[in-house]
Structure formats: structure tokens, C-alpha cells
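These are my notebook entries on one protein chain. I set down what I looked up, topic by topic.

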Amino acid sequence: MKKKIIILVVVILSIILLAFTVILFTSVKKDLKIEGNLTKEITELNLLIENNDTSNINTRLNTITTSGDYVLVEKAAKNYLKDKEKIFKEMYEILDNSDNIENLLMIDNIKTDGKEFTNTISLINNTGSKLTKLRDEYQSLSSKEKIESYLSKKLREDDYYNDYYINELMADMMNNQKNLDAINEYLATVSKLKDIFTFLRENKDNWNLENDKIMFNSETLYNYYEGLLTGISDDKVNNM
């Protein structure tokens, strides 16, 4: 009798252990599937934002597809990506109007706005200020501390979810640096354009337009001006 009881207990414990194992395996499998889908979602949204592809992005940023504690992770990630999308949208608006900046050196603009270049320098200053502000916001947004701030206190204290969230949103840090480098290169070009028109304005009595060309009354001034133009040309070649 005693032996039968022991066997029965062992069988019951085995069944309980098996059931627990199945439940645990099912739960882990479900979590891994959720993680995989969320990783894919974050990766795709990042690509859409950085490529300025706004198709269906707002719907995806405002739709929660996970469950359990992953809901909090997804909400944090998408709130972060909403702010990133806003910054990139504004940056692309500036860059889409880059033709306005590059055309400032065209002879028509020099005829129209010279020799004070009030509108030209104003456009350059506004573009530089806006882009500098957006660059600084993007740089701040890319920091680990800022990324982590979107996560709830509950999940920040959970090593597993915290590490997963941080790793996913910092996965493209190298790409972030490339974006910052590109912005800084554009800002350098804007700064060089300002130097050119400031130089022309300060030396307005020393040059005139002849046959649609700027002609200086001093070789020294001409050489300096050509050096400024070369700096702009080098930027265009390096950014091609």
C-alpha cells in the first residue's frame, strides 16, 4: 500500500512538473515571438523615419501590437520614435529646400539681392539656426539617458526589459552618427555661404558685375573670393 502511494505521488509530481514545463515553454515561446515582431516593427519604423517615408507611419506609431509587459516597452519605443519622426520631418523640410540655398550663388540672385544681400544672409541665418537646433535635439535624443527616459519606472527597474528596450533603440547608433555627420557637413556649407556673402557685402565698393561675372578691383580680393568659392565646391564634391 505504501509503495502504491509513493508511486502515485511520483506520478502526480511528474504530471505537475510536465505541465509546468509545457506552460513555461509555451510562455517563453510566446514572449520570443512577441519580441521578434516588436524588433521587426522598431527596425522598420526607424528605416521609414530616416528615409522620410511617411506612408502609413502615423498609424503604425499609434498602434499597439504586443501584450503583457511588452505593451509598456512598445509604447515607450513608439513615443520615442514619434519624437524622432518629428525631428526628421523638420530636417527633411529644410533639406528639401536646399536648392534655395545652393541657388544663392546664381547670378540672378546676386543681381537681385546685391550688394547688401539682406534677404540672402537672412535665409542663410534662418536655415543655419533651424538646422543647428534640430541637430542638437537629435543628438540629445540619441543618448542612452534620453532613450531610457521614455521607459516607465517599472520597466527601468527590470533588467531584462530595460536591456531589450535599450539595445533595440540603440541598435543603429552608427547610423545616428552618420546622420549627425551629414547634418554637420551641410551646416559647414551654410556657414561658408554666409562667409561669401558677408565678404561681398563688406567689400561692396570693390566689385561690380561685368558680363554676369563678379569683377574685383583688387587681385588680393579676387583671390580671397575664389578661395571661398573653392571651399563650397569642395563640399559639393565630398558630399556626392
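Entry 1: ground rules. I count a contact when heavy atoms lie within 4.5 Å. On that basis, residues 24 or more positions apart account for 71% of the contacts in the protein chain with a separation of 6 or more. I note that this is a predicted model, in which local features need pLDDT of at least 70 and side-chain atom pairs count only at pLDDT 80 or more, while totals for chains, interfaces and linings use all residues. Residues are numbered from 1 along each chain as its sequence is written, and side-chain values use heavy atoms, with hydrogens and water left out.

Entry 2: confidence. I looked up pLDDT, the predictor's confidence in each residue, from 0 to 100. The protein chain averages 84, and 83% of the residues score at least 70. Over residues 22-29 pLDDT stays under 50, and the model has zero contacts there beyond four places in sequence.

Entry 3: overall fold. I took helices (H or I, at least four residues) and strands (E, at least two) as DSSP runs, numbered from the N terminus. The protein chain has eleven helices and two strands. Their order along the sequence is α-α-α-α-α-α-α-α-α-α-β-β-α. I recorded an accessible surface of about 15,100 Å² for the protein chain, 54% of it belonging to carbon and sulfur atoms; such areas come from the Shrake-Rupley method with a 1.4 Å probe, and for residues only the protein chains shown count as cover. Of the 240 residues, 34% are buried, where buried means under 20% relative accessible area, exposed over 50%, and partly exposed in between (1.4 Å probe, protein chains only).

Entry 4: a lysine in helix α3. Is Lys84 buried or exposed? Lys84 counts as buried because its relative accessibility is 2%. I located Lys84 in helix α3 (residues 70-96). I then searched for polar contacts, meaning pairs of N or O atoms within 3.5 Å; within protein, one must be able to donate a hydrogen and the other to accept it, and residues adjacent in sequence count only if both atoms are side-chain atoms. The side chain of Lys84 makes one with the side chain of Asn46 at 2.7 Å, and a polar contact of 2.7 Å also joins the side chains of Lys84 and Glu50. Leaving out residues up to four places away in sequence, Lys84 touches Asn46, Ile49, Glu50, Tyr138, Leu141, Asp172 and Asn176.

I followed this to Asp172, which is in the loop between α9 and α10. Asp172 counts as buried because its relative accessibility is 15%. Beyond its neighbours within four places in sequence, Asp172 is in contact with Asn46, Glu50 and Lys84. Asp172 and Asn46 are 126 residues apart along the chain, and their C-alpha atoms are separated by 8.8 Å.

Entry 5: aromatic rings. I paired rings of Phe, Tyr and Trp (its six-membered ring) if their centres lie within 6.5 Å; planes under 30 degrees apart count as stacked, over 60 as edge-to-face and the rest as tilted. The structure holds twelve aromatic pairs. Phe88 and Tyr138 form an edge-to-face pair, 5.1 Å centre to centre with 90° between the planes. Phe88 lies in helix α3 and Tyr138 in helix α6 (residues 118-141), so this pair ties together parts that are 50 residues apart in sequence. Phe88 and Tyr138 are buried.

Phe199 and Phe216 form a tilted pair, with 5.8 Å between centres and 45° between planes. Phe199 belongs to helix α10 (residues 173-202) and Phe216 to strand β2 (residues 213-216), so the pair ties together parts 17 residues apart in sequence. Phe199 and Phe216 are both buried. I also noted one aromatic cluster formed by Tyr70, Tyr160, Tyr161 and Tyr164.

Entry 6: helix α9. In α9 (residues 159-169), the buried residues include Tyr161, Tyr164 and Leu169. At the start of α9, a side-chain oxygen of Asp158 reaches to within 3.0 Å of the backbone nitrogen of Tyr160.

Entry 7: backbone checks. Most residues other than glycine have a negative phi, and most peptide bonds are trans. The peptide bond from Gly114 to Lys115 is cis, with omega near 5°. Lys115 sits in the loop between α5 (107-113) and α6. Phe117, in the loop between α5 and α6, has a positive phi near 55°. Phe117 counts as buried because its relative accessibility is 0%. Asn56 has a positive phi near 65° and is in the loop between α1 (2-50) and α2 (57-61).
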